[in-house]
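Here is a short report for a reader meeting this structure for the first time. Keep the model in view while reading.

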Amino acid sequence: MKRMNLAGLARRLTLMVGAEALQSGFHFALNLALVPMLSARDFGVFSIVMVIGGLSLTYIRAFAGMPASIWIGRSRTRPAAGAYDVTFGSGAVLLSAFAAFGVYLLLQVWLDRGALAGGSFVGLWSMRSYLRTAYFARGRRKSVILADLTFVVSGALLASLLWLGRADVLQSAFILLAVANATGIAALLFLGGWPFRISYRYQVRQRYARMWRQLGWAGLSVTLTNLQGQAVALLVTAFGGPAAYAPIAATLLLFVPLRIAATALTNMLQPEISAELARGEARHVWGQVKLWFGVTGSIGLIYGAMMLVVLPRIHLHILEGVPILVTGFLAWSIYTMTVLNVTPRIVLEVMSAFGTVALITGTAAAIGASFIIFLLFVAPPVWALAGGATSELLVLTATATIAYRKLQTAMAASEKAAKNPARR
């Protein structure tokens with residue numbers, strides 16, 4: 001097994017977290033700024049749009065970003081990498097347009113103004129997410145960070161200009177996010193040193209068709225994962241409307257830094273683990289799983305201890321009457337288990353075990369949703385977080401167990417092949 005360069009790993013993680021922290025930190029700060037400025041209903045609408053945008057990102061990742069990360073990472077020549085880039089980039093454009101239109105239709109029901117801006121924001125955010133994943137896979141980390149910085153700076157400037165005139169706050173938030181994402185896309189394309197091309201010719205469609213079975217499982221898996229991971233938001237909103245979801249969104253917001261760490265780790269490790277498993281280095285991958293499991297667990301515990309001190313001192317109108325320590329603990333549990341699950345889930349995805357992932361998340365979604373619905377009938381809406389935490393625990397336990405078994409099998413096969421080179 002290769003000896004791990006811990007200093008190098010720490011530098012790469014710091015770089016990746018820095019990239020995520022720039023953009024996610026801006027979203028975090030914007031949400032914090034909006035909490036006292038919006039009514040419970042409007043903040044609930046904004047939070048639901050952010051949730052839907054996050055769901056859109058998962059489909060972009062399943063059908064474009066994750067395949068691009070895996071196949072570009074495996075490509076040994078620039079033309080091969082470019083062919084996959086055109087294929088998955090073209091898919092990302094269609095998916096982003098579909099997400100934008102869907103959010104526009106939904107906001108037409110809830111809002112008098114701002115539906116077009118909200119839809120544009122989700123579509124552009126989805127597209128920028130794909131481009132970030134693809135450029136990470138090409139090793140253009142510095143370009144991504146500079147583009148993220150451009151996104152944050154432009155968003156901050158627009159926030160000050162739009163809100164200086166006391167315009168419609170919710171509509172202004174959607175406008176600034178849409179423009180900031182468009183600016184971030186332009187900066188990434190300019191800095192990345194790799195032209196972005198789309199095509200819907202026969203060869204591109206055929207390349208997608210050859211992978212359709214695998215992508216179909218990925219789509220089913222991400223759908224079930226979304227139902228499992230976002231059951232609280234979807235069910236609480238369905239039962240009580242955006243205002244009922246507002247205090248849950250405000251509590252979850254406080255634990256967003258843990259999600260930033262999870263996303264950064266995914267972007268860093270997926271191309272590496274894909275390449276290592278393709279070379280038969282299952283033992284080294286197992287070492288990475290153990291290392292990052294310990295790192296993410298430590299991060300979760302430290303952050304939870306910090307929030308235990310901070311939570312009682314938070315006073316917001318949206319959180320009035322909410323048992324903040326209880327809801328904070330449940331929110332921390334959800335995000336900590338999510339970040340712990342990063343490396344085991346990557347292993348299953350790279351091994352194309354999408355059917356297994358779908359079975360795990362589907363089972364957890366059914367159990368978690370049933371528990372959430374029960375809680376919504378017998379307790380205040382914030383207690384629905386207990387159902388979400390139960391679901392995440394089931395997913396973490398099953399995913400880690402199966403990833404361990406698959407890696408053990410792969411290690412045994414590699415060792416057998418090494419002892420019998422003539423039979424390869």
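## Helix α13: length and cover

Helix α13 has 17 residues, and at 1.5 Å a residue they should span 24 Å. The end C-alpha atoms of α13 are 24 Å apart, which agrees. The model is a predicted one.

Helix α13 is also mostly covered. Of its 17 residues, 13 are buried.

## α13 against α12

Helix α13 covers residues 324-340, and it packs with helix α12, residues 282-310. The angle between them is about 165 degrees. Their axes lie 9 Å apart. Angles over 145 degrees count as roughly antiparallel, and α12 and α13 are therefore roughly antiparallel to each other. The crossing in which α12 passes α13 is right-handed.

Which residues meet here? From α12 come F293, T296, G297, G300, L301, G304 and L308. From α13 come L325, W332, T336, V339 and L340. By class, this contact of α12 with α13 holds seven nonpolar residues, five polar ones and no charged ones.

## The chain as a whole

The chain has 16 helices and zero strands. It has 424 residues, and buried residues make up 54% of them.

Contacts reach across the sequence. Take the contacts in the chain with a separation of 6 or more: 84% of them are accounted for by residues 24 or more positions apart.

## α8 alongside α15

Helix α8 spans residues 212-229, and helix α15 spans residues 354-378. Their axes come within 8 Å and cross at roughly 20 degrees. Angles under 35 degrees count as roughly parallel, so α8 is roughly parallel to α15. α8 passes α15 in a left-handed crossing. On the α8 side, the contact is made by Q214, W217, A218, L220, S221, L224, T225, L227 and Q228. On the α15 side, it is made by F354, G355, V357, A358, T361, G362, A364 and A365. In this contact of α8 with α15, 10 residues are nonpolar, seven are polar and none is charged.

How far does α8 reach from its first C-alpha to its last? The 18 residues of α8 reach 25 Å, close to the 26 Å expected at 1.5 Å a residue. The buried residues of α8 are L215, A218, G219, S221, V222, L224, T225, N226 and Q228.

## α9 against α15

Helix α9, residues 231-240, packs with α15 as well. Here the angle is about 40 degrees, and the axes are 10 Å apart. The crossing of α9 and α15 is right-handed.

On the α9 side, the contact involves A231, V232, L235, V236 and F239. These meet A369, I372, I373, L376 and F377 in α15. The class count for α9 with α15 is 10 nonpolar, no polar and no charged residues.

## Helix α4

Helix α4 covers residues 115-137. It has 23 residues and reaches 34 Å from its first C-alpha to its last. That is close to the 33 Å expected at 1.5 Å a residue.

Helix α4 is mostly covered, with 20 of its 23 residues buried. After α4 comes G139. The phi of G139 is positive, near 85 degrees.

Is H284 buried or exposed? H284 sits in helix α12. Its relative accessible area is 11%, and buried means under 20%, so H284 is buried. H284 and M411 are 127 residues apart in sequence. In space, they are 9.3 Å apart, C-alpha to C-alpha.

A29 belongs to helix α1, residues 6-34. At 41% relative accessibility, A29 counts as partly exposed. A29 and L253 are 224 residues apart in sequence, yet 9.6 Å apart in space, C-alpha to C-alpha. S143 is placed in helix α5, residues 141-164. With a relative accessible area of 12%, S143 is buried. Leaving aside residues up to four places away in sequence, S143 touches L188, L191 and G192.

Technical notes
Residues are numbered from 1 along each chain as its sequence is written. This is a predicted model: local features need pLDDT of at least 70, side-chain atom pairs count only at pLDDT 80 or more; totals for chains, interfaces and linings use all residues. Side-chain values use heavy atoms; hydrogens and water are left out. Axes are lines fitted to C-alpha atoms, for helices over the stretch in contact, and angles run from 0 to 180 degrees between N-to-C directions. Helices (H or I, at least four residues) and strands (E, at least two) are DSSP runs, numbered from the N terminus. Angles under 35 degrees count as roughly parallel, over 145 as roughly antiparallel, 65 to 115 as roughly perpendicular and the rest as oblique. A crossing is left-handed if the near helix is turned anticlockwise from the far one by less than a right angle, and right-handed if clockwise. Contact means heavy atoms within 4.5 Å. Ala, Val, Leu, Ile, Met, Phe, Trp, Tyr, Cys and Pro count as nonpolar, Asp, Glu, Lys and Arg as charged, and the others, Gly among them, as polar. The expected span of a helix is 1.5 Å times one less than its number of residues. Buried means under 20% relative accessible area, exposed over 50%, partly exposed in between (1.4 Å probe, protein chains only).
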